[in-house]
Amino acid sequence: MSRLSLQQLDVSIAGKSICRQLDLCIEPGQVWGILGRNGTGKTTLIHTLAGLREADAGAISLDQQDIAQLTRKQVAQKIGVLLQHTEDPFPSTVLETVVTGRHPHINHWQWESREDYQLAQQALEQVEMLGLQQRQVNQLSGGERQRVSIATLLTQDPAIFLLDEPNTHLDLNYQISLLSYLSDYVRQNQRSIVMSLHDINLAARFCDHLLFLLDDGKTLAGPTAKLLNSHDLEALFQHPIDVIEGPRGNLYIPR
């Protein structure tokens, strides 16, 4: 079980403050959603939590160790990152791409084992891509490529999943099935997820905690049931939001 903790974290980009003095602890079994308007810095914050860029001030601790003091391999053994944009500069098959998720767990110059390939195939089956394992990744649609990225993360088997808009390019059925699987998986296995989202209703359905990125570095964080109210949502999105009772819980509709 791993914990990701933020202590008095300040993050900014191009002179714009994303968060100031943010204290947060991501506990095993939790699913956190990051919500905010376009340009509030959701992607930048995800990259900072992953150790891909430095914070302006404060600290990020992974299991009580400063993430800045860990090697990239040590971080990758516990944190998996789903980026918004993926490039494939070299030709490779779907299976070859997915098995790279095991690289943080094997020694330099060591070949992937039969067990590594079995994990990759299991992950491809989970995202319904097993039949395309020999397809070249540069021949995939955007949605298929996104599912390959998710399968690579599952093969990596991190304790903490950092997902930057995981529903990008996915059809509605895959948005629901994959987010359902991921959220159930981390709760049952005492892992955790932090994911940026645009859809309030997906956040309401899958997240038990939320972080709101407001203007000028202000934030709100806490249980989903507490933050999903008209007052805080309208402050977040600068637009009236109607809350409607639905068969699976409240629905949040822009007025």
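Mentor: A residue is called buried under 20% relative accessible area, exposed over 50%, and partly exposed in between (1.4 Å probe, protein chains only). With a relative accessibility of 29%, K78 is therefore partly exposed. Keep in mind that this is a predicted model, where local features need pLDDT of at least 70, side-chain atom pairs count only at pLDDT 80 or more, and totals for chains, interfaces and linings use all residues. Residues are numbered from 1 along each chain as its sequence is written, and side-chain values use heavy atoms, with hydrogens and water left out.

Trainee: Which residue meets K78 in a salt bridge?

Mentor: The term salt bridge stands for a side-chain nitrogen of Lys or Arg within 4 Å of a carboxyl oxygen of Asp or Glu. The partner of K78 is D63, at 2.7 Å from N to O. D63 sits in the loop between β4 (57–62) and β5 (65–66), and K78 in the loop between α2 (72–76) and β6, so the contact ties together parts that are 15 residues apart in sequence. The element labels are DSSP runs numbered from the N terminus: helices are H or I with at least four residues, strands are E with at least two. D63 is partly exposed as well, at 23% relative accessible area.

Trainee: How many salt bridges does the whole structure have?

Mentor: The search finds eight. One of them joins D157 and R191, with the closest N and O atoms 2.8 Å apart. D157 is in the loop between α5 (142–156) and β7, while R191 is in the loop between α6 and β8, so this pair ties together parts 34 residues apart in sequence. R191 is buried at 18%, and D157 is partly exposed at 31%. Another links R255 to D242, at 2.9 Å between the closest N and O atoms. Here R255 is exposed, at 60% relative accessibility, and D242 is partly exposed, at 28%.

Trainee: What is the strand order in the sheet of six strands?

Mentor: In general, strands of a sheet pair through backbone hydrogen bonds, either parallel or antiparallel. Two strands count as paired if DSSP finds at least two bridges between them. The order is β6-β7-β8-β3-β9-β10, in an open sheet with mixed pairing. β6 (79–82) and β10 (219–223) are at the edges with a single partner strand each, so one side of each has no neighbour in the sheet. Inside this sheet, β7 (residues 160–164) and β8 (residues 192–196) run parallel over five bridges, with L162 opposite V194.

Trainee: Which helices lie across β7?

Mentor: Contact here means heavy atoms within 4.5 Å. Angles run from 0 to 180 degrees between N-to-C directions, using axes that are lines fitted to C-alpha atoms, for helices over the stretch in contact. Helix α1 (residues 42–49) lies across β3, β6, β7, β8 and β9, at about 155° to β7. Helix α6 (residues 172–188) lies across β3, β7 and β8, at about 145° to β8.

Trainee: How is the sheet of four strands paired?

Mentor: Its pairing is antiparallel, in the order β2-β1-β4-β5. β1 (residues 4–13) and β2 share seven bridges, and S5 has C25 as its bridge partner in β2. Helix α1 packs on this sheet too, touching β1, β2 and β4, with its direction at about 135° to that of β1.
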